[in-house]
Amino acid sequence: MNAIVLSGIWGVVMMFAGLFLKSSKQIQWTALLGIIALLVVSILDYQAHSVQAQTYFGMMTIDVYTSWFSILITACCAMYLLIFHKDIAAVGKNEAEYFALIFFVMCGVYLLASYSNLLILFLGIEILSIPQYILAGSDKENIKSNEASLKYFLMGAFSTGLLLMGMTLIYGATGSFDITSEKFVGQFEQLSSMSSLSFVGILLLLISFGFKVSAAPLHLWTPDVYDGSPTAFTPFMATIVKVSVFVAFIRLFHFSFGNVSDAWQIAIASMIVLTLIIGNVTAVYQQSLKRMMAYSSIAQAGFMLFSIFAVNSTLAYKGILLYSVVYSLASIGVFAVIIKMKDYTYDGFNGLAKKQPVLAFTATVCLLSLVGIPLTGGFFAKYFVLSAVVEQGKYIWIVVFAVLMAAISAYYYFRVIRSMYFKTGEAAMHTEPTTWDKTLLILNAMIILLLGVLPSLVFG
Amino acid sequence: MQKDGLEAIIMEICNPIIYHFLRSLKNNSQTITIFELQALFLRHFKKMPSQYYLFLSLALFCIGVMGVLMRRNAIIILMCIELMLNAVNLLLVTFSKMYNDPNAQLFVFFIMVVAAAEVSIGLAIIVMMYRKVHSIDVHILNRLKN
Amino acid sequence: MLNLVWLVPLFPLIGFIITGLGRNHLGKASGWIASLAILASFVVSALIFIELKTLPEDIAEHTTGSHVVHLFNFINTHAMQIAFDFQIDALSSIFLLVITGIGFLIHIYSISYMSHDEGFGKFFAYLNLFVFSMLLLVLGANYLILFIGWEGVGLCSYLLIGFWYKNIAYTDAAKKAFIMNRIGDLGFLIGMFLLYSKCNALDFKSIENMMPTLMNDPSYITAVALCFFIGATGKSAQIPLFTWLPDAMAGPTPVSALIHAATMVTAGVYMIARSNFLYSVAPIAQQVILIIGLATALLAATIATQQNDIKKVLAYSTVSQLGFMFMALGVGAYTAAIFHVITHAFFKALLFLGSGSVIHAVDGEQDIRNMGGLKKYMKITYITFFIGCIAIAGIPPLSGFFSKDEIMMHIFTHGTNGKIFWILGMLAAMMTAYYMFRLLFITFHGTYRGKGHPHESPALMTMPLIVLAALSIVGGFIGIPEVFGGHHALNAFLEPILLKSQALQTSIYELSHQNEILLMGVAVFIACIGITMAWFGFKKYNAADTTKGIAKFAEDKWYIDELYDKVIVKPLFGISKWIEKIIEKAGIDGIVNGVGRLIQVGSTKIRLLQSGLVGFYLFMFVLGIILLFALQMWLVKF
């Protein structure tokens, strides 16, 4: 697991880079170098760990699934940094620190991908979260950024308390933190032999995970934080961080709590229903695209929750992998266009297609993918998670409901396309996109379209 | 020397240094000291079922949660969150004793470290907020809504 | 060689791509490129045919004479696997030869026929696409591939009927053909779904192997067979979906020859012959096919006797002849049906091309009342047309005689009512001879009644006529019945395909040689009566004659189109108008708009949750925890 070490080290390297490198360009290049190195290292890890292996005194399990996910998420992060590195540097004076924090977050991501001990899970979630509190407030002069940071911090810390309580109760019932140990596995073999401590513990874990992935009714921080944070960091929080929490989520709830799914499936089903309703319906009202995307990320989380919900389904893992990649790339693509605009409202996008046809096209592809239109990756992503539920065979009505909600989501996504293509306006730009930006965005859109034809590419 | 009653209990629970210290005190004053009271308490501590600790720490946890809900001062909210974490710590130590498993105590150290890091970030955020609005009332900040 | 069967459809596909992309640049070359593509397919088909014939006996027996070539997995999901396979056996190889052979001749003919048309390149692109689809249809090793070809030929038929799209009547005809075919296709699709629901497979071999178990459920088999037959009635123009074929004559004449006479319309016959294992165990479905085939043969023949458009006569004649083929299928005489498909392809293509030559000569005039006496202007066309007429009329030793006779023999010996069907079939055969010679006499005999100077067509057009005429003469020799001392070559060749169904139901008619010769004599006599009637009625034709009574009824096509309009189209329009007004406007739109409004109102309410106060958020957080706990504990008793 060299990626964990390297991401931590590179975070420190970035901090020193801020000290010694004077030019902003050099710092950005250092960061890009770091993420490429991380990508290479994670690929090497993948090749090294073709069989399941335990490291760090049995606290982490590395198998093909986790290392493959590490590659995918690193690739998404590389795409994010390649597209946004200039915008990140433009947020404030301490640019090197922002990159450093992003690398620390990546360290947490790798921990979450491969933990097999609740302690590592806790550390992973904290390493993931704490830098984000800072990133959210990194635009210190902006009171909205302050507010986002404070809200995120207070609620995040509160959910940490719940997470710890859940872990402690589970420990109280099992006597072990190691999710692969006999004591732990034995406790969750069947519902009747499970103690009530674990019941409460599972639900508390579910809730704190639900908080991290912004599932309703625990989602209330999401729109404010995503809206208030600097636009350069919102896509990072909404995509890479969120999907890696999903992977930790599915790992714990399928591998460890899969046999006692009756104890938590109702809770997660009601979460899904609330998340889909609140995410989609509230997004309809929004005028600002950035805030709409925040609600959209809630709604998309509702779809991703299906893969957690569908226990005993082989499709669920495929679904979450594909959904992670496609959703991340599509959101990054949309935010990459948003950040170039002066005005984040729908009206600000009027006539973009005339002015910047490439941006409008790539944004359209990404939006169509978010809706789940066939020939984009989003279609298969939704298809896999929903068919996982069908395969699992319980609560099929939720699938019908989800499809209806996807229809609602088409309304607010297509509204953007309408603004760009069918309305006239000047579409004032904040920064003009360079050829490099356009190339990357087209590449991003092409990947999404490719995954719409060959979704099996992400299954490794 | 004859060890009986209280002395035996103290011997059993406390380490020899404290035991000798207690004995020297006892020889001097011939009265039951605060240490003897503590020893009595410790005896009960050992016999006390661990549910009590569960209830205690859950109570502490709930107090923390209620504090978070009730108060508007950012620092107090932070303290209440710390209270929640400490309730967890207490519970972990209890379970550690119950299972004779040091892992949980290890976990406590990690929680303390992470909590410290979290508090430092939190205080920094609160300072940042104070500089901007000259208040640490969390309800002052509500620009972001709907 | 058999493994290279994919080359056969590949050449027309390449031809389609080249001529389609270069339709505005290639000029006259596109015609030659397209023809060359078909010729290449024909050569490969011929090689395959030869190899199949010389295949060692034991292998042939082992695989029941068929060879499946796996190309790739077409649908490959967890629940459903359908391969893109080609099946090459006696049946498909014969069709390959007919399609590519006649297709090549018609391509050559078209180079000259279409030379003055502005859509020259487009025409050949469509023709090549058609041949590709048709080859796909006959090569497919499962119903899905067959269906792809089935839809492909339907599409090409639509495109080519409406080829002169500037004429509204022609595009209407194209739409009519397409819609009629779609109705049939629905039946075909339902049949496929039914089949798949029980067999979990669509390839012919698996289903054939599953027949012994499926036979326990005769109503299911009958349902599947009837659904497929509905598809066949659409494609092969049988009652009740036959009315599109006469209208399809709006397309260029080579199209009528290739698509609407020789190949596409026989797809239904091919499909049922291919599904022989299914139909042989569904006697009710067979009875339905027999009756519908007979009714179609009679009805179309009566209409054909009164038509004045040269192509319409041939179109109704085609419908009538298809009726004969379906009669053969109905009595389980698959070989006879295929035999008639082959001979019919020869002489009907010949007749259509001949009529095209005539139309070419008289500057696009199609009404035979304005023709006459063309014999002396165009010798070759006349002679070949005459050969076509006697072939279709059933005069020995031309091809039509043998195939039609074999069908009639089978019908005669079929069951208790076979004799009645035979008499009615003979009536239709007599009318065939009558209307064909009526057409011949009115067009080529007497005096010329039109304007301008008719002239013989160029060699490029007459060459295919001569080849087809030769084929019409000798085509029957592949199936000389035993009574004439021949051995039925086609029967022997097709035998492996029908092995399973023959085990279930005999298709060899048992008739003494004396009786057989007697029946043949009767058939020839009846044909001669028809020809004589035509001779006396039309050797001195006067265009001023008006038709009355039942003839008028037949001339107006039995008012079938009007009947469909009254019974189906008008009420359908009424219902759809009602639905549009009540259900669509008030119901669906109301619900959709209502839901939309509900969501908008809902979003203005739900957004109030986002009050902006972090204290409230934390409160909602805890409330959410309590809610989730309560739901979970309430719904799952722990």
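In chain C, the loop between helix 9 (218-235) and helix 10 (244-247) holds P240(C). A cis peptide bond links this proline to I239(C), with omega at about 5 degrees. Keep in mind that this is a predicted model. Most residues other than glycine have a negative phi, and most peptide bonds are trans.

**Cis peptide bonds**

- In chain C, I239(C) and P240(C) are the two residues joined by a cis bond.
- Chain A has a cis peptide bond between A216(A) and P217(A), where omega is about 5 degrees.
- You can find P217(A) in the loop of chain A that runs between helix 8 (196-212) and helix 9 (221-228).

- L375(A) is not a glycine, yet its phi is positive, at about 80 degrees.
- To locate L375(A), look in chain A at the loop between helix 15 (357-371) and helix 16 (377-392).
- N100(B) is another residue other than glycine with a positive phi, here near 55 degrees.
- N100(B) sits in chain B, in the loop between helix 5 (74-99) and helix 6 (103-133).

- L375(A) has 14 other C-beta atoms within 10 Å, so it counts as partly exposed.
- N100(B) has 7 other C-beta atoms within 10 Å, and because a residue with 12 or fewer is exposed, N100(B) is classed as exposed.

How values were computed
Residues numbered from 1 in each chain as written. Chains lettered and ligands numbered in written order. Predicted model: local features only at pLDDT ≥ 70, side-chain atom pairs only at ≥ 80, totals over all residues. Helix = DSSP H or I, 4+ residues; strand = E, 2+ residues; numbered from the N terminus. Buried ≥ 20, exposed ≤ 12 C-beta atoms within 10 Å, placed from the backbone.
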